[in-house]
Structure formats: C-alpha cells, structure tokens
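Please look over the sequence and structure first.

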Amino acid sequence: MLTTFLLRADTPMGYGWDGEYTHRGYLGQGGEMGDVDRPDVVVVGGGAAGRAAVTTLRGEGFDGRVVLVHGEEGEPYLRTLVDKAILQGLLTAEQAALPVPLDVELVRARATGLDPARRAVVLADGRELTAAAVVLATGAVPRPGPAVDRVPALAGADGGEPRVVHLHTARDAERLRALLGPDPARRTVTVLGAGFVGSETAAWLAEVGATVHLVARSRLPLAGALGTAVARAVALRHEEHLDAHLGRRVEAVTEHPGGVTVRLAGGRSWSPTSPSSRTAPRPPHPAPAAASTSTTASPSPPRPACSPPGRSPSTGTGTDDGSGPTTGTPPSRRAPTRRAPPCAVSSAARTPARTCPTPVSPSCCTAPRSPGSASPCPARPRSTARSTAAGCSPSCVSGATWSPWSASARRGSSTRCAETCAAPEASSVHSAPARENGRVTTERLPRVRASELVGRGWLNTGGRDLTLADLRGKIVLVDFWTFCCVNCLHVLDELRELEERHRDVLVVVGVHSPKFEHEADPAALAAAVERYEVHHPVLDDPELVTWSAYAARAWPTLVVVDPEGYVVAQMAGEGHASAIAALVEELVSEHDAKGTLHRGDGPYVAPEPSSGTLRFPAKAIELPGGNILVADAGHHALAELLPDGETLVRRIGSGERGLADGGPEDARFAEPNGLCLVPVELRPWLGYDVVVADTANHVLRGVRLEDGHVTTVAGTGEQFMVGGVENVVLREGRGADVTGHGPAEAGGQYAPLDVRLSSPWDVAWSQDLAAFVVAMAGNHTLWAFDGEQGSMTHLAGTMNEGLEDGPGASAWFAQPSGLAVAPDGAVWVADAETSALRRVTAVTGEGVEVRTAVGQGLFDFGHRDGPAEQALMQHPLGVATLPDGSVVVADTYDGALRRFAPAAGDAGSVGDDTSGTRLAGEVTTLATGLAEPSGVVVQVGEGPDGEPQVHLLVVESAAHRLTRVALPASLAGEVLDGGAHRTQRPVTDIGAGPLWLDVPFVPAPGQKLDDRFGPSTELRVSATPPELLLSGEGVGVELGRDLVINPAVGEGVLHVTARAASCDVVPLGPDGEPDPDVFPACHLAQQDWGVPVRVVDRGEPGDVPSLTLPLRG
C-alpha cells in the first residue's frame, strides 16, 4: 500500500463549537496595539471562544479597555472551518475571519507564559501584559502520540515538505492541499483520529478521489459526543466506504522518499509498493464524482457506463427523491472530466417511486425504471446485506450519505426505484440536512450565535425594548416581513395556530424591514400590525440593520433561534409551517431535558383596541338603491352604509375571523377585499347578487342582498400552493365523491369548489369573457370565474412575480390587487408589487393579451407624473374607469389618486424590451393627502348648475373611512413630480463571469422530498435586463445553477423562483414495508427572489464565487 503522506487528526474537539460564525470575510478591524498600558481585560486566544468573550463583554455593556491576543498569522478566524472549508478550498483563511469589535485592541503575538498572581501574560516578543482580569481562550492542541513523534517534522525524508500533517490551523490546511496536488485521486492518505475533524477530513478526501485509511483507537469514535447509536451508524459508514481501522493503535510511522509507512499494533501495515497494489475495489464512498468510484491507480478515472441526460458524473449532480441526504459540487469548481454518454430513459419510465436507503453505484444510475425493464447502469460489488433494499433491483438502489458533518464531503448518489422501498434511516440528531447543487445532504453546522435585534423601536411590547437576552430560555422565531408582501401575510396566517399552541415556549418576533418608502413610516407600520392582527412583538427595522445582520435576501425570511441563543434554521418564502412545527417540537424536547427551556408568558402586550363603524375598509361598490356596500376587512365583515358613506345600515358577517356560510349574523369572513355586483340577468340563476373576494380565506363568496345570506361559491378554503400536488380536488365525475387530490395545470379549468385559490384580492365582471375576473394576488395570476357554467379557469400569469407583457399564458404579474372594466371591455389591473397599471384584453380564440401602461418593475416606484413610460406609482391597490375612457388609480402608498389618459390611437411607447407592447399616455394627479386609498367608486351625478358632475368615493383604508373627491372640470388634474425611489435593500456585488447559484433546501424532521408527481424541486432563473445573464436563465429541477454574468451590464435584478415539495415519511408496518393505510401529508415550500445586483470586476481569476439563497436550511 502506497501511503503518500500521513494526516494526524485526533485533536481534541474542545474548541470552536460555541462561537459565532461568518463566511463573508473579516467584518471589522481590531485596533492595533500601540502603547501597551495596563488594560482592564486581556483575552488570550483569537478563535471562536476568544471572540465570543470580547463580544459578550461589549454586548453586556462593559466599556473598559479590552485586548485580544492572537498568536497566528493574519486575522482571527473560525478554527472549525479549517477542515470544513479552508482545506476544501471553499474559503480562504481571510474569508473565514471572525469580526472583532472595533473598540477591542488586537495584539498579533503568541502568548508564552502566564503569571496568575500578577495577572500577567508574557508574549513571545518579550512584552508583558498585566490586566485586572485575564481570560484564557486558547483552545486545544494536537496530541501527536509517541508513534508520530518519531517522524521527522521539519523536512520530509526526500528533502521536501514533511508528509505528516497535524491538521489544526489554516496553515496546516494549506500545507495539506499543497501535498494533495492537482490530482488528489492519485494520492493515498492515512488519517489518524476519527473525531469530528478526522471524520470530516476523511470523508472529503474520499470524495475527491483519494484512497483513505482511517485509524482510531476507539471502536466507536464520537460515542461520547453523539451517543452510542449514532456513533455506531457513523462507524458503519466508515467501514463501508473507506479502509477504516477502528479500535486499532498505531505502532510505528516511518517517513521515507515517496511516502509514509504506517504499521498498526498486531502487524497490519501499508507501505510504498507499486501503484497496482492498492486494495481491491470497495463499496464506493457515495461520491458521484467518477474519480471516487474506483480505487485503481490509473491516471484517469474509468468512464462510467452512462449518466443522466444533462448531467455529468463529475458534477456530483443527480436526482434525489428524499430518501437520504445527498449532495453535489458545482461543476465549475471541479477539474474537468470526460462526460459519460447519457442514459436512455423514456418518459414512460417516470413512475412514482420511493427511495431506497442503501449506497449506490456511480451517479450514472439515476434514471427511473419501469418494473421489469433493464437497468441502464451496471451492478456493483456490495459489502453488506444492507446493500439491497426489499423490492429493488440490485442494480438500482439509492444512496445513503456517509459523514453527516462535512459541508462538501458527502457526495451521495441517488436513484429512483419503481418498487416500494423501506423508509430512510433517521439522521443524526447532531446533524442538519442541507441542499447543495439540487441535492440534499446532512451537515453539522457551526453553532451560530444569533445577532442582536436592533431597530427604531418596538410594537406590541407595552413600550418596552427587547433584547435576545430577554428571550433566553424561549424558542424564538424571527419573521422578516414587510406589510405590502402577500407572501408575508400568508406566513402570518400560517403561524397563528403554531404560535397559539406553543405560546408558553415560543416567541415569534416580527422584524419589519420595509420594501416601499411608505412602509418605513412608523404610523403606517403600527396600522399594519393592527390591520393584520399581529399578536407578537414587532421590531421596526427601517434601515434594514437587523435584516442585514441575518443576511436576509427575501420577504418573508424565517430564522429559528434556540433557547440558548443559537440560530438553528433559516428559511425563505412560505409553506414552512409544518417544518417549523416539527423543529419546535424537537427543540422543546431537547431543551426540556437540558433544563434550558423556560415556560411561561412571553413579552407580547396587546395594544388598546380601536373602535368605529369601519376598520381598515378595503373596497366598496354602489348598490342599486344608492347605498354603499363596503368590504370592512378589519371587522371581517361587510358593512352596508347609507349614500352619505357614514351611516351604518347593517352588517353581513359575525365579525369573527373564520369561514362559515349562513345568515348575516352567522357567516364569517377573513379580511374580505374585492366586491362586484352580479349582472342583473344572472342574479336569479346564481342565487346571489354580490361576489366577494374573501382574501384570507382563499375563497369567493356569494351574498344575497335580500336577506344577507352568504354562500361559498369558489375555492376550498385552503391556499393554492404554486407547484403543489394537492391544489385540485379529484372526483370520478361532477358532484361525485372525492377520490384524491392533484396538481393544477397552467391554463386549466376546474369546478369552482374543487380548486384552491390564493388570496383573491378583487373581482370584476367582464362581458367580453362572460365571467368574473379574479385578481389572485397570492400567486400573481388572473382567473375567470363562471358561476353559471360552473368553472374556474386560469386566465393569465405564469405564477412568477414580475412585470412581463404578452399573451396571458406567458405574462408575469406581481400581486394584482385592483380590477376595473372599461366601456370598451378592457380590464385594467392595479399590479401592486410592480407599482404598475396593466391592461388585459380578450383576444378571440387566443385567450387574453397583457400590456403595461405605467410601471418599471419590482423595485422602482415613486410619485412622478408625465408620459406613462416615465411615470411612477407606489403600490396601487385600486382602479376605476372614468366616463371619458381614462383610468383613475388608487395610488395607495403615495396617498394619492392618479389618472392615466391613454394616447389617441393606443400607440406603443418607445424603448421597451418588447417595443410596441406598452401603452402610451399621460399620468396626472387628481388628489393627494389620502390615508392609504385602496378602492375607488366612480359616482356620476348632477351638479348645482344641472351639468353632470363626477365624484370619486375613495376608500381611505388607514383612516377607516370613505371620502368623496370631486373631479376637476377639466379632468386633467395636476402634474406632480414627487421623485423616483428604489427599494433600499443592500445591493449584492457580483463579479462578471461565472457565478454559482445555490438554493439550499432541507426537508423538515420526519419529511422527505416528494417526487410522486414528478420532480420534487424546480428552479427558475431570469434577469432584468435580460442581457445581465449570458447563460443560466430558464427552468430546471436542480436547486443549483451555473450562471454567467455579463460584464457589459452594470446593474440589474436576478429573478429566482424556487420550489420544493416534501411529504411525511410513512411509518413502517410489522412487515417492514410502509404502512398502506397511512397517506403522507404533502408540503410545498416556495419563494420568489428579486436580488438587486451590481456587476463588479472579479480581478484575477480564481474559485467561482457563489450566491446562496436559502429556501430552507
């Protein structure tokens, strides 16, 4: 056995697991030591513990002089990243640096002595530091042992670098990388010690293709840290996937030209021989890289028989159906290898499957097979009976990941079996799954101390400011939200039940980090907290300080902090309620046992309730008799008022949030918004007179005005989840019993009560479409509801958030919230999140066409009049048409009424990407100073002089009232320019050229990825402007993508949409098979990111940078 060099990795792990962590580089510069006067506190040790000591001192208010002694070259860094990232080339020592507070003095010198009586620290350069207090945070050093001590340490036997490496510092990691050379697959490495560092390092070395011997004196390494059961599972993985010598002692290590000979007690040894004497092939470490699937010493790895279409064995990519954690490496970060021919897979082979929890052959074996069909992949040798799962062909079994800690060393292969396989084994309780390159892995994360919650002030705390120290002992869920965001509102609703169920142990903290300028107004935030019934403390974060500290990139983002103050999970988007519930249960159990969980009341203090006829009214319509019907969202009811707009006639709805049909006192609504009168001729047929968009219930309701009876006419009461597999109720026939659930198709048509809706915000009758058009704000679409024919049809919108014109099937919307039908049949749309005014027209036989009049995109807004292509609005929610054919817009966050007058001839504007599709015209301002106008009713009457007079009845939502505004006789309004604004999120600098986009996703405890209805994940990437991306745009199933950024484009927005479907793991029955009587619940996580980016020069070529957007990790 040729051992090229020896790695010593039995360092005690008493350091580094309890410090804060950053991978973004050294964030602060500690002051250099000048005149060494007597400091108040000297902290010896620049690692995680030392850094934690100095930051805790400052965090607890200590303002004395603090000196940090750091004995290594360069800046202090997180030592736990030596093997996890620095060795693997993922980070440099500089990038792993720990931020040192600016008011802490940094001394770069090694401490060589300590005089406890005098509290004096002696430095290697002869200086002496005396202090009132000395903190020793020096960590541990390797224990070489007598066998290794005899090995020459200063120079190798051949005069080169020593081939025995004690892996402890960043310098050690750099030496080891140099010894590995450009082709680690040709190296043999012996790792002494199978603790965390040894296990992680051995896993990575095997992954990159090296032949690895792992030696440990214990038969169950890590049993003391992880427990016997988990340690036994780890030992089994060691023995299956590399040459593990557990329970063995090293007797001698001899270094000589060409390598190192290791001899164990009992006589076993491996020493330099010919390359062909390497050990016989073993069951491969689950690393899909071709180099790691064979232990032969040939210069190039053998070419696998096949690889799945669009993938290369060298990339580590492949399919994964959630049975076990697997992962991959970005192709751009690995040495190029020959590509194998693709597997021949027919579409008929894509059958529902479960995953088998056994190691698999190379990543070529990833194609689904039909029962009885030949596998395109070769069989492989197996070392244990566990290699063949029940019901699966020996040639097609899926991979179980080996090491549960190393961030890139677990390259598990996965394949799908048509037959049912056993449920996956449980992951270690000390490990956390993550998703890399579209694959799932399990890794032990460094313990990251949660950043302090810093902002302008607090709401719902009775005037008290909160700190994380005040919340110690509670599980804290930090919810980054902004009140314009419908997905954030969905999350508020998702968390209500969880928050109530665990109120004695769980504290939800809303961190309001605004997108729009109006949302930074503290009065507007206070109103939103009341409007949306937020029953937990809320931090006002207008400068995005806390947002930036937690590296949030999307609304909503959720962060879970354990009772000891450490971050344990972060996730973006909605659909995470089940995952959070499972995590909370685990944390309650763990910290109850440790005694670190404190039960009792949280810090929430309910504000004083407000009273009034209306509470956050949303929209209104004029009834046939002149009365006004108002969607009284804050009261969860409808209010009928006299024509004066003030006097209450009656309420329809009990006023209690919920979903219930019945009479006016029994029916329940949840934040109703849009209202629409049913055409007179349809009322007897349908049995109701008004259609209501019952937003938070995700349904449409029909109201009979005669007696106030309420009926649900569309929707199931559950939210439509984009990409979900349970959005449609399946029946054998109309009205028949339910047989199951299925996914919705783009452009699909369904029975109204059999399809889920998503926050319907407004509704309007279109004679051209012979249907009610529904603005589905929750998934950025328009739908058509035909109550007479009994159909609900997807009309327009791809369910991606953005501003794209064209045919309805390809158009993009962003939270459409207001609708109005013009006399010519066009449907005008207030598209809130793009601050846009859009027009939708029916095209005979071809659906609808979408065109934009006003609006620039997701992040540009303001109050600017003038030509439509230059005009700006700010989150408009309402729209109406005027008698002259112009359009009035409730410009909600500008507090104004705006008017758009289309140009004669409907000419297209110039300069759009799809020139000619935008609508030309002029924008003026009709009124200002309104309190969040969200709806407009046009009333045409007679003025004092007998001439027609137009009034606008404006729903001032934040003022809880209706206000009449008389239009000027000219209808032209006033031309204003209140300036342009952009969302003030931090811009992300990205280098021109290659960029790796990574979207980590972790199934919740007790769940697995769900591919019963097709791929379990989807990633969609585009850019504004499109020229920003030279390559990488489009749709794929892997949650990782190689992008190429155009150096000629200075800035733009990356649009990323990610979805991941998971389901509950089915328990096994007595026969070891999944219980057939248990149907797994499905869960869908989804998020749209719009990442503002600035393109910068990358400088010298190096490792490909990455952009990470956690979906759940």
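From which domains does the lining of the second largest cavity draw at least three residues each? They are domain 3 (457-594) and domain 5 (988-1112), with bounds from an automatic or database domain assignment. The model is predicted, so local features need pLDDT of at least 70 and side-chain atom pairs count only at pLDDT 80 or more, while totals for chains, interfaces and linings use all residues. Residues are numbered from 1 along each chain as its sequence is written, and side-chain values use heavy atoms, with hydrogens and water left out.

**Cavities in general**
- A cavity is a set of points, on a 1 Å grid over the protein atoms alone, where a 1.4 Å probe fits but cannot get out; its lining residues have an atom within 4 Å of a point.
- Grid points are joined across faces, edges and corners, and a volume is the space filled by probe spheres set on the points.
- The count is 13 cavities of 30 Å³ or more.

**Second largest cavity**
- The second largest cavity holds about 180 Å³ of space.
- Its lining has 17 residues, and W555, E801, E833, D1088 and G1090 lie nearest the centre.
- Strand 64 (residues 1082-1096) contributes four residues, the most to this lining; strands (E, at least two residues) and helices (H or I, at least four) are DSSP runs numbered from the N terminus.
- Six lining residues are nonpolar, five polar and six charged, where Ala, Val, Leu, Ile, Met, Phe, Trp, Tyr, Cys and Pro count as nonpolar, Asp, Glu, Lys and Arg as charged, and the others, Gly among them, as polar.

**Largest cavity**
- The largest cavity has a volume of about 330 Å³.
- It is lined by 29 residues, of which L489, R531, Y532, N673 and W761 are the closest to its centre.
- Helix 8 (486-501) and strand 26 (617-622) are the elements that each give two or more residues to this lining, and helix 8 has the largest share, with four.
- The lining of the largest cavity comprises 13 nonpolar, eleven polar and five charged residues.

**Helix 11**
- Helix 11 (residues 577-594) has 18 residues and spans 25 Å from first to last C-alpha, close to the expected 26 Å, which is 1.5 Å times one less than its number of residues.
- Its buried residues (under 20% relative accessible area, 1.4 Å probe, protein chains only) include A579, L583, L587 and H591.
- The buried residues of helix 11 pack (heavy atoms within 4.5 Å) against elements including helix 8, strand 21 (475-481) and strand 58 (1007-1009).
- G595 follows helix 11 and has a positive phi, near 80 degrees.

Note on methods. 1 Å grid on protein atoms, 1.4 Å probe; cavity = no way out; pocket = protein on both sides within 12 Å on 5 of 7 lines; lining within 4 Å. Buried < 20%, exposed > 50% of the residue type's maximum accessible area, 1.4 Å probe, protein only.
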